[in-house]
Amino acid sequence: MKIAMVTAFWGPAYPTGSGIYAYEVARRLADQGNEVHVYTSSVGNFDKVEYPDNFHIHVLRAYTVVWNMNPFANVFTKLLSKDFDIVHVHSYIFFMSNMTALARIFKNFKYVLHFHGGLNYSEAKKFHPWRTWAKENIYDKTLGLLTVKIADKVLSVAKSDIPIIKRKFGVDAEWIPNCVCTEKFSYSENDSRVVTYVGKLEKWKGAELLKDVFKTIHNELEDVKFMVVGDGSLAEKLKNSNLPIKLMGHVPHDKMPDIYHKTAVSVLPSYMEGLPTICMESLACGVPVVATDVGDTREIVTDGKTGFLVKPGDAKAMASKVIELLEDDDLRKTMGREGRRHVEENFSYDVIVERVYEVYSSLI
């Protein structure tokens, strides 16, 4: 089978969300003997990665990046110049996704569109009210609608987004969630006193709350340290906090297991999520998560069993749950073990890639 993956951000360059998902799924599809081509934008820091002969990366020039999240790169002519059985697009919101839908009109390939969450963003509207209004009232009713409607198959990483997709676009979607490499992200118990955040340092990710969360924990437990992995507009605010925070910036994805193995508890204070990969990675390593109850986070973080869920914006509750885990090693390690089991059974790449391949086979 000849497969093209279209993703605005590629895993090794952009270690979050759809980029990681596309990276890992594409690698495994190539390992199964398929010819795989990846089309991605030039945004990011590309590490040197060796690929097999049947795996091809096409890095397309990003002429600009709109709203700090949407690279304009021309995938249209690239897709027209080759013959693919399947073109699998990650997220409907990107310019590259729009170009793939347009190419589908002129080229006979099966177009699979994979939503990567973020459709239920009521809590995040207050940060970018104009952007969300424009998306809902202009984009979703025009170019976004076309990008979805023309797909031969629609998938969603977030189960909670499926009824929204039906209501907004009038199409049915199948739940195929994010997943994690359980071999790479291996289970390991530790006696760490480090609380870790992984993600963009932006308001919609709740990064503005981190300072308050960390300060409350520090006032209660002075021996606890904090690690922040990621970049963004709020990095300077954390740097000037006078708290024991280690700002790691960008960390290559293959180094992330080392981060979790040095972590006692992970936190995710987001206002908007699909099915957050970092929760899977953390639990796969035996590290419980305290997260906000948004999107499909509850599919991974079972409240009171693999971590704790709190309301978005409640820094005090998040800090309290982190402190509870730090003060009870037995509870923390029990949750870590249960989290590992949950991820292995439901979100491993062996399980999810097989489901993706079944979708492809049903189309051709």
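Reader: What makes the pair Asp 191 and Lys 333 a salt bridge?

Author: In this predicted model, the side chains of Asp 191 and Lys 333 meet at 3.1 Å, N to O. The cut-off is 4 Å between a side-chain nitrogen of Lys or Arg and a carboxyl oxygen of Asp or Glu. The pair is within it, so it counts as a salt bridge.

Reader: Why say that Asp 191 and Lys 333 tie parts together?

Author: Because Asp 191 lies in the loop between strand 9 and strand 10, while Lys 333 lies in helix 13. These parts are 142 residues apart in sequence.

Reader: Is Asp 191 buried or exposed?

Author: Its relative accessible area is 61%. Exposed means over 50%. Asp 191 is therefore exposed.

Reader: And Ser 192, buried or exposed?

Author: Ser 192 has 12% relative accessibility. Buried means under 20%, so Ser 192 counts as buried. Ser 192 is also found in the loop between strand 9 and strand 10.

Reader: What does Ser 192 touch?

Author: Leaving out residues up to four places away in sequence, Ser 192 touches Lys 262, Thr 263, Ala 264 and Arg 332. The side chain of Ser 192 also reaches the backbone nitrogen of Val 194 at 3.0 Å. The limit for a polar contact is 3.5 Å, so that distance is within it.

Reader: How many salt bridges does the structure hold?

Author: The structure holds 23. One of them joins Lys 107 and Asp 83 at 3.0 Å, N to O. Lys 107 lies in the loop between helix 3 and strand 7, and Asp 83 in the loop between helix 2 and strand 6, so the pair ties together parts 24 residues apart in sequence. At 56% relative accessibility, Asp 83 counts as exposed.

Reader: What links Glu 273 and Lys 205?

Author: A salt bridge between their side chains, at 2.5 Å, N to O. The pair links distant parts of the chain, 68 residues apart. Glu 273 is in the loop between strand 13 and helix 10, and Lys 205 in the loop between strand 10 and helix 7.

Reader: How do you know whether Glu 273 is buried or exposed?

Author: Set its 11% relative accessibility against the 20% limit. Glu 273 is under that limit, so it counts as buried. Lys 205, at 10%, is buried too.

Reader: Which residues do salt bridges that share partners join into one network?

Author: Glu 24, Arg 28, Glu 183 and Lys 184.

Reader: Turn to aromatic pairs. How many does a search of the whole structure find?

Author: The search finds 13. Among them, Tyr 51 and Phe 55 have centres 4.7 Å apart and an angle of 5° between the planes. Planes under 30 degrees apart count as stacked, so this pair is stacked.

Reader: Why is Tyr 51 called partly exposed?

Author: Its relative accessible area is 24%. Phe 55, at 5%, counts as buried.

Reader: Why is the pair Tyr 92 and Phe 169 called edge-to-face?

Author: The ring centres of Tyr 92 and Phe 169 are 5.4 Å apart, with the planes at 70°. Tyr 92 lies in the loop between strand 6 and helix 3, and Phe 169 in helix 6, so the pair ties together parts 77 residues apart in sequence. Both Tyr 92 and Phe 169 are buried.

Reader: Why is helix 10 called largely enclosed by the rest of the structure?

Author: Because eight of its eight residues are buried. They include Cys 279, Met 280 and Glu 281. Just after helix 10, Gly 286 takes a positive phi of about 85°.

Reader: Is Glu 338 buried or exposed?

Author: Glu 338 has a relative accessible area of 19%. The limit is under 20%, so Glu 338 is buried. Glu 338 lies in helix 13. Beyond its neighbours within four places in sequence, Glu 338 is in contact with Lys 305 and Thr 306.

Reader: Which residues make the nonpolar surface patch?

Author: Tyr 63, Val 66, Trp 67, Phe 72, Trp 130, Trp 133 and Ile 138 make a patch of about 750 Å². Helix 4 gives the largest share, three residues.

Terms used. Residues numbered from 1 in each chain as written. Predicted model: local features only at pLDDT ≥ 70, side-chain atom pairs only at ≥ 80, totals over all residues. Heavy atoms only, no water. Patch = residues over 30% accessible without salt bridge, like charges linked within 9 Å, V, L, I, M, F, W, Y side chains within 5 Å. Areas by Shrake-Rupley, 256 points an atom, 1.4 Å probe, with all protein chains shown as cover. Helix = DSSP H or I, 4+ residues; strand = E, 2+ residues; numbered from the N terminus. Buried < 20%, exposed > 50% of the residue type's maximum accessible area, 1.4 Å probe, protein only. Polar contact = N/O pair within 3.5 Å; in protein donor to acceptor, adjacent residues only side chain to side chain. Contact = heavy atoms within 4.5 Å. Phe/Tyr/Trp six-rings, centres within 6.5 Å; stacked < 30°, edge-to-face > 60°.
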